[in-house]
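Here are some exercises to work through with the model open beside you. Try each task before reading its solution.

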There are 2 protein chains.
Amino acid sequence: MDKKTEQKKVFLDIVQQLRQLIKLEKIQAGEKLPSERVLSERLGVGRSSVREALRSLELLGLIETRHGGGTFLASTQKHQLVEILSMFILEDEKSKKDVELTRQIHEKEAIRVISCTETLRTLPVWDSFFVKLEIEGTINCRDVLREIIITSGNRLSLKVWFQLAVYDGDRLNRNSTEEEKIIIQTMLKSMQLGYEKEALKAYEQWMRIVQSN
Amino acid sequence: MDKKTEQKKVFLDIVQQLRQLIKLEKIQAGEKLPSERVLSERLGVGRSSVREALRSLELLGLIETRHGGGTFLASTQKHQLVEILSMFILEDEKSKKDVELTRQIHEKEAIRVISCTETLRTLPVWDSFFVKLEIEGTINCRDVLREIIITSGNRLSLKVWFQLAVYDGDRLNRNSTEEEKIIIQTMLKSMQLGYEKEALKAYEQWMRIVQSN
DNA sequence: GATTAAAAAGTGGTCTGGCCACTTTTGAAC
DNA sequence: GTTCAAAAGTGGCCAGACCACTTTTTAATC
């Protein structure tokens, strides 16, 4: 008995089959999916059921639909985990805190990994941040954190982080204050020198400022 | 101009309105929502649109439907956000190593949190593990890690971990060996005493064994 | 041949109405 | 009061229709 066919609900079955279809036909982000009518025929189900599945994926930001244009596979950046989370779950403060803490878990680990890895902590990108801070006097907070996560090399961690960072969008996607500038410099410099503890200390100091905003 | 009414797509509008309805009528987890036909009439939209919205929320595990019974608000524990996203995110580029590392990131953080928190590290559950190890001589590896994550108190982290643990299912869901027993005891004891560093050291020693399997 | 405008085809958005399967409620017989 | 069958309520699914919008095709013009 195939797991896929013993699904109770058609629309859930369709979600599974869409996943397979995307995989088999190697549909890339941004590319077009078969039309609702074609899917309906190919899968042998009603168009309304296909729509229920597509709309579910759309709510998650996994696909995008253009009226009259078609249905397209969305890019990873557009997944809307957090939008939905904030709508139904993040009502209470506890959940908001969880999102923030989870994001920080990944950031802290990235800092540890980089500090302990010669080839990563000596990367020229860190110097470029110093230069930018010198010239412009400020830097985008989110950019710094993103670069740290990217450099750590764990792509899955990056994806999780990306989702979580959307939620704190306003607090992170802004230029650093004068106060933060010094802390960020300390953090980066410590990281470059492999001083894991100091780097984390600076990071936590920075996050306390971020949180107070 | 009301944000709710300027939505382009009806089904997204309905998702919003459902949220309001749940809030206004104070519908608790497990309680029944109005029927699809009633919602259709109350919101002045077609039943198919209502279904598209409901099916979207069902995919997320935010609501549960019982054929012939009705639609019910799901309990928080049943939300499947991470699971669904992982279906699309993890499947394609599943770098096994990334999954493993990411899982460990959450486990290590949980150990840190527990070690540093008086009320958590002195919980009786840890003693119960010792008792079990004494009597049965072994313990399920996954159970130990799960308890650690749960105790750390970050529900989102737990959700992420749960999903990642599925991939390492075989390596984790088994009884500990004699060699592991001692390491686990060391880890738990260090954690209980608040020796964060020692606990993590034992953990990493344990993971090296797990990885070699 | 290239450009442009109109027509046609394709596609998503939505609604109506129908039928089925299952659950809950109702009400009558006991 | 209990039991059980009928009725009502509800979700599951489908077919068809119409609209709005986009893309492609076609035809006319330059």
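**Exercise 1.** Which atom of DNA strand D is 3.5 Å from an N or O atom in the side chain of Thr65(B)?

*Solution.* Before starting, note that this is a predicted model, in which local features need pLDDT of at least 70 and side-chain atom pairs count only at pLDDT 80 or more, while totals for chains, interfaces and linings use all residues. Residues are numbered from 1 along each chain as its sequence is written, chains are lettered from A and ligands numbered from 1 in the order in which they are written, and side-chain values use heavy atoms, with hydrogens and water left out.

Step 1. The atom is a phosphate oxygen of DNA strand D. This is a polar contact (a pair of N or O atoms within 3.5 Å; within protein, one must be able to donate a hydrogen and the other to accept it, and residues adjacent in sequence count only if both atoms are side-chain atoms).

Step 2. Two or more residues of the surface near DNA strand D come from each of α3 of chain A and α2 (36–43), α3, β2 and β3 of chain B. Here helices (H or I, at least four residues) and strands (E, at least two) are DSSP runs, numbered from the N terminus.

Step 3. Now look at a base: one of its nitrogens in DNA strand D is 2.9 Å from a side-chain N or O atom of Arg37(B). On chain A, a backbone N or O atom of Gly46(A) lies 2.9 Å from a phosphate oxygen of DNA strand D.

**Exercise 2.** Describe the protein surface around DNA strand C.

*Solution.* Step 1. Start with the neighbours, where near means that a heavy atom of the residue lies within 4 Å. DNA strand C is surrounded by 24 residues, and the closest are Glu36(A), Arg51(A), Val10(B), Gly46(B) and Ser49(B).

Step 1. Sort the residues by class: two are nonpolar, 12 polar and 10 charged. Nonpolar covers Ala, Val, Leu, Ile, Met, Phe, Trp, Tyr, Cys and Pro, charged covers Asp, Glu, Lys and Arg, and the others, Gly among them, are polar.

Step 2. Look at contacts from chain B. Gly68(B) has a polar backbone atom 3.4 Å from a sugar or linking oxygen.

**Exercise 3.** How many bridges join β2(B) and strand β3 of chain B?

*Solution.* Step 1. There are four bridges, and the pairing is antiparallel; two strands pair if DSSP finds at least two bridges between them. Glu64(B) has Phe72(B) as its bridge partner in β3(B).

Step 1. Inspect the turn: three residues lie between the strands, and Gly68(B) takes a positive phi near 85 degrees.

Step 2. Compare the faces of β2(B). Ile63(B) and Thr65(B) form the covered face, whereas Glu64(B) and Arg66(B) form the uncovered one. In a regular strand, side chains alternate between the two faces of the sheet.

**Exercise 4.** In what order do the strands of the open sheet in chain A lie?

*Solution.* Step 1. The order is β1-β3-β2, with antiparallel pairing. β1 (32–33) and β2 of chain A are the edge strands, each pairing on one side only.

Step 1. Two bridges link β1(A) and β3(A), and Leu33(A) has Thr71(A) as its bridge partner in β3(A).

Conventions: Buried means under 20% relative accessible area, exposed over 50%, partly exposed in between (1.4 Å probe, protein chains only).
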